[in-house]
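Reader: I would like a close look at one part of this model, namely the pairing of its strands and the charged side chains upon them. Please give the cut-off behind each term as you use it.

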Amino acid sequence: MMLIASLTTALAVAAVLIAIGYRLFRTEGSAAAADITSLLPKGARVVATGVAGDRLVVTLDIGGATEIRTFDARTLKPAGQLKFVSEP
């Protein structure tokens with residue numbers, strides 16, 4: 001009986017240590033810092049910035065028209081843009 005209890009305890013401790021080791025040494029980690037320059041049209045100004053999920057959202061005012069540009073928060077690559085213009 002003592003042998004069964006000892007093996008069960010050892011198995012439980014090994015499982016906990018494996019779980020801790022996996023969490024510490026998995027390769028995902030954090031992304032490396034990136035220096036990226038995004039060009040804005042002349043006269044554009046940044047109205048607001050924010051984070052939505054895994055996206056960075058930048059709101060721009062370009063000559064009276066509003067534009068929203070989104071970037072992937074990890075890689076900072078452009079994910080899309082949305083333009084709002086008034087009807088003529």
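Author: Buried here means under 20% relative accessible area, exposed over 50%, and partly exposed in between (1.4 Å probe, protein chains only). The model is predicted, with local features needing pLDDT of at least 70 and side-chain atom pairs 80 or more, while totals for chains, interfaces and linings use all residues. Residues are numbered from 1 along each chain as its sequence is written, and side-chain values use heavy atoms, without hydrogens and water.

By these limits Arg-69 is buried, because its relative accessible area is 14%. Arg-69 also has a place in the strand pairing, since it stands opposite Gln-81 in strand 4; strands are DSSP runs of E, at least two residues long, and helices runs of H or I, at least four, numbered from the N terminus. Strand 3, residues 65–72, and strand 4, residues 78–84, are joined in the antiparallel sense by six bridges, where pairing requires at least two DSSP bridges. Another position in this pairing is Thr-66, whose bridge partner in strand 4 is Phe-84. The hairpin made by strand 3 and strand 4 has five residues between the strands, and in this hairpin Leu-76 adopts a positive phi near 60 degrees.

Seen as a whole, the sheet is open and consists of four strands in the order 1-2-3-4, with antiparallel pairing. Strand 1 (45–52) and strand 4 are the edge strands, and because each has a single partner strand, one side of each remains without a neighbour in the sheet.

Turning to the charges, the model contains three salt bridges, each being a side-chain nitrogen of Lys or Arg within 4 Å of a carboxyl oxygen of Asp or Glu. Arg-69 takes part in one of them, with Glu-67 as its partner and 2.6 Å between the closest N and O atoms. Glu-67 counts as buried as well, because its relative accessibility is 7%.

In another salt bridge, Arg-45 and Asp-61 bring their closest N and O atoms to 3.6 Å. This pair links distant parts of the chain, with Arg-45 in strand 1 and Asp-61 in strand 2 (residues 55–62), 16 residues apart. Arg-55 and Asp-72 likewise meet through their side chains in a salt bridge, at 3.3 Å from N to O. Since Arg-55 belongs to strand 2 and Asp-72 to strand 3, their contact ties together parts that lie 17 residues apart in sequence. Arg-55 is partly exposed, because its relative accessibility is 32%.
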